[in-house]
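Try each task by yourself, then follow the solution step by step.

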Amino acid sequence: MTLQTVLDDIRKRPGTGEVIPVIDPVTEEQITEFTDCGEEVVNDAVARAKASFESGVWHGLPARERAKVMWRIADLMDQHADELAGLDSLNTGMPMAQANMIVPTCAEFFRYYAGWCTKLNGNAYEVQMEGGVSGAYANMHAYTRKEPYSVVGLIFPWNGPVFNACAKLAPALAAGCSSVVKPAEETPLSALVLEKIIAEAGVPDGVVNLLTGYGHTAGAAITAHPDVKKVAFTGSTEVGKEIVRASAGNLKKVMLELGGKSPVLIYDDADLNMAITMAAMGIFVHSGQGCVCGSRIFVQRSVYDQVVEGIAMVANNLQLGGPKEEGSVIGPLISQKQLTRVMGFIDEGKKDGVEVVTGGHRLDRKGYFVHPTVLTNVDRGMRLYQQEIFGPVVTILPFDDDDEAVALANDTSYGLAATVWTTNLARAHNLAKRLEAGTVTLNCQLVFDHNVPFGGYKQSGWGHEFGREGVEAYMQTKSVWAQL
């Protein structure tokens with residue numbers, strides 16, 4: 001599909017609600033527009049998904065046949081990699097180098113989970129108990145089955161459109177589910193290409209149903225629909241709580257990958273050049289629009305000034321710009337709404353007396369660009385310290401010892417990720433046990449593998465994506481007893 005074909009296609013999507021503009025965050029100009037699909041279109045999509053599941057057209061296939069189709073999806077994604085990367089870059093403003101790196105990872109989701117199709121088995125059990133209603137268990141057999149959650153709703157955010165779509169679609173397809181899929185209203189473009197790829201690869205009609213619309217309309221209708229048996233959502237903690245409330249109607253299962261306020265601990269024995277560079281990139285990459293970005297940095301007091309100066313230096317040397325601007329490594333925020341939110345946190349902090357070491361302002365140019373911002377003299381009760389900003393803003397505080405570092409790191413309602421920089425491996429692994437986070441990285445940051453589960457503690461989410469846990473999240477366990 002050419003860019004113009006995609007732009008024309010999205011305008012033709014069915015809908016009955018508001019017209020939603022798609023804005024280029026680099027130029028602030030409209031790229032295209034589409035109509036919010038509305039509840040009726042959601043109902044039709046859920047009905048198609050339910051019919052496809054009940055017919056067994058997908059989950060009834062032999063597992064090896066589903067695996068072949070998923071492998072074809074990956075191959076087609078490789079063939080359309082430039083197109084997918086270009087759309088995500090246009091839609092989010094991320095540098096092309098970043099988008100080009102992400103798409104191959106997305107294709108591998110389908111190859112990885114294709115391998116799980118033939119390995120999703122239950123267990124057989126030797127019954128050990130005696131007695132019981134039937135008088136004896138001597139001739140009993142018990143086993144479990146793994147069965148897909150029929151229709152699932154997959155709702156994903158704007159900060160990584162293709163990545164988040166594939167992270168949910170691949171395991172859902174491997175499990176045998178039918179789905180209704182809603183990308184963020186800000187970034188729907190690459191989802192249209194992915195829809196075509198899935199159909200071309202051989203996924204039957206009705207198994208994957210793309211919906212375009214707002215979260216509070218289309219997303220809410222998916223979550224509340226009685227025929228949707230599970231919802232997998234990536235986004236803010238606030239919206240996650242709304243999804244939990246909306247799911248109460250049929251007590252549907254919910255998997256949530258939510259916000260973060262991830263701590264980074266830097267000790268005086270760390271490789272400081274590496275720690276400074278990685279901690280800076282760990283918050284400023286993608287303009288801080290990542291759930292695992294290390295937005296709270298804690299530094300051992302003896303090297304505190306050195307680290308603050310180093311991170312500020314990195315911030316000042318990062319070139320911001322659009323995908324077509326030579327040398328740019330950091331793009332804009334996604335929207336005027338997000339720009340207003342981020343600058344609101346910064347301006348509020350200034351009024352409350354924080355020290356702005358560098359940044360703290362919008363760039364004097366078109367686009368939603370905010371200079372990477374380093375803040376010190378921050379009170380732990382401040383809103384910018386406690387709430388997720390989702391922008392290129394970091395607070396840096398000193399600590400003296402392990403107990404203080406852990407107390408500072410765990411002083412948050414979030415628990416998605418944490419990082420420790422130290423050459424003392426005993427200390428590193430002890431801290432990994434004490435930090436309240438679903439992922440802890442030691443002397444590294446922003447690492448990923450399809451095989452390693454990912455999920456959050458506290459208000460950073462429910463359940464896990466990736467790995468075996470990621471595909472079993474779309475399956476139910478049934479226990480079967482038999483009298484022999």
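A polar contact is a pair of N or O atoms within 3.5 Å; within protein, one atom must be able to donate a hydrogen and the other to accept it, and residues adjacent in sequence count only if both atoms are side-chain atoms. The model is predicted, so local features need pLDDT of at least 70 and side-chain atom pairs count only at pLDDT 80 or more, while totals for chains, interfaces and linings use all residues. Residues are numbered from 1 along each chain as its sequence is written, and side-chain values use heavy atoms, with hydrogens and water left out.

**Exercise 1. Look at the start of helix α14 and find what a side-chain oxygen of Asp 401 reaches. Then work out which residues of α14 are buried and what covers them.**

Solution. 
- Step 1: The oxygen from the Asp 401 side chain comes to within 3.4 Å of the backbone nitrogen of Asp 403.
- Step 2: Helices (H or I, at least four residues) and strands (E, at least two) are DSSP runs, numbered from the N terminus. Helix α14 spans residues 402-410, and its buried residues are Ala 405, Val 406, Leu 408, Ala 409 and Asn 410. Buried means under 20% relative accessible area, exposed over 50%, and partly exposed in between (1.4 Å probe, protein chains only).
- Step 3: The cover over these residues includes β10 (263-266), β11 (296-300), α13 (383-386), β14 (393-399) and α15 (425-434).

**Exercise 2. Trace the order of the open sheet of 7 strands, and explain why one side of β12 and of β16 is left without a neighbour in the sheet.**

Solution. 
- Step 1: Two strands pair if DSSP finds at least two bridges between them. The order is β12-β13-β14-β11-β10-β15-β16, and the pairing is mixed.
- Step 2: From one strand to the next, the twist averages 25°. Axes here are lines fitted to C-alpha atoms, for helices over the stretch in contact, and angles run from 0 to 180 degrees between N-to-C directions.
- Step 3: Helix α14 packs on this sheet and touches β10, β11 and β14, its direction making about 155° with that of β14. Contact means heavy atoms within 4.5 Å.
- Step 4: Strand β15 (residues 417-421) runs parallel to β16, and 4 bridges join them. Val 420 has Leu 442 of β16 opposite.

**Exercise 3. Stay with strand β14 and visit Thr 395. Is Thr 395 buried or exposed, and which residues is Thr 395 in contact with?**

Solution. 
- Step 1: Thr 395 has 3% relative accessibility and therefore counts as buried.
- Step 2: Apart from neighbours within four places in sequence, Thr 395 is in contact with Ser 295, Arg 296, Ile 297, Leu 375, Val 378, Leu 384 and Tyr 385.

**Exercise 4. Describe how helices α3 and α5 pack.**

Solution. 
- Step 1: α3 (residues 63-79) and α5 (residues 96-116) have axes 8 Å apart, at an angle of about 170°.
- Step 2: This makes α3 roughly antiparallel to α5. Angles under 35 degrees count as roughly parallel, over 145 as roughly antiparallel, 65 to 115 as roughly perpendicular and the rest as oblique.
- Step 3: On the α3 side, the contact includes Met 70, Trp 71 and Ile 73, and on the α5 side Cys 106, Phe 110 and Tyr 113 are among the residues met.
- Step 4: The contact residues divide into 12 nonpolar, no polar and 3 charged. Ala, Val, Leu, Ile, Met, Phe, Trp, Tyr, Cys and Pro count as nonpolar, Asp, Glu, Lys and Arg as charged, and the others, Gly among them, as polar.

**Exercise 5. Take the hairpin of β1 and β2 and find which residue has a positive phi. Then sort the β1 residues by face.**

Solution. 
- Step 1: β1 pairs with β2 (residues 30-35) in the antiparallel sense over 5 bridges, and Thr 35 is the bridge partner of Val 19.
- Step 2: There are 6 residues between the strands, and Glu 28 takes a positive phi near 65°.
- Step 3: In a regular strand the side chains alternate between the two faces of the sheet. In β1 (residues 19-23), Ile 20 and Val 22 form the covered face, whereas Val 19, Pro 21 and Ile 23 form the uncovered one.

**Exercise 6. Where does His 286 lie, and which backbone oxygen does the His 286 side chain reach?**

Solution. 
- Step 1: His 286 is in the loop between α10 (272-284) and β11, and is buried with a relative accessible area of 9%.
- Step 2: The His 286 side chain reaches the backbone oxygen of Asn 159 at 2.7 Å.
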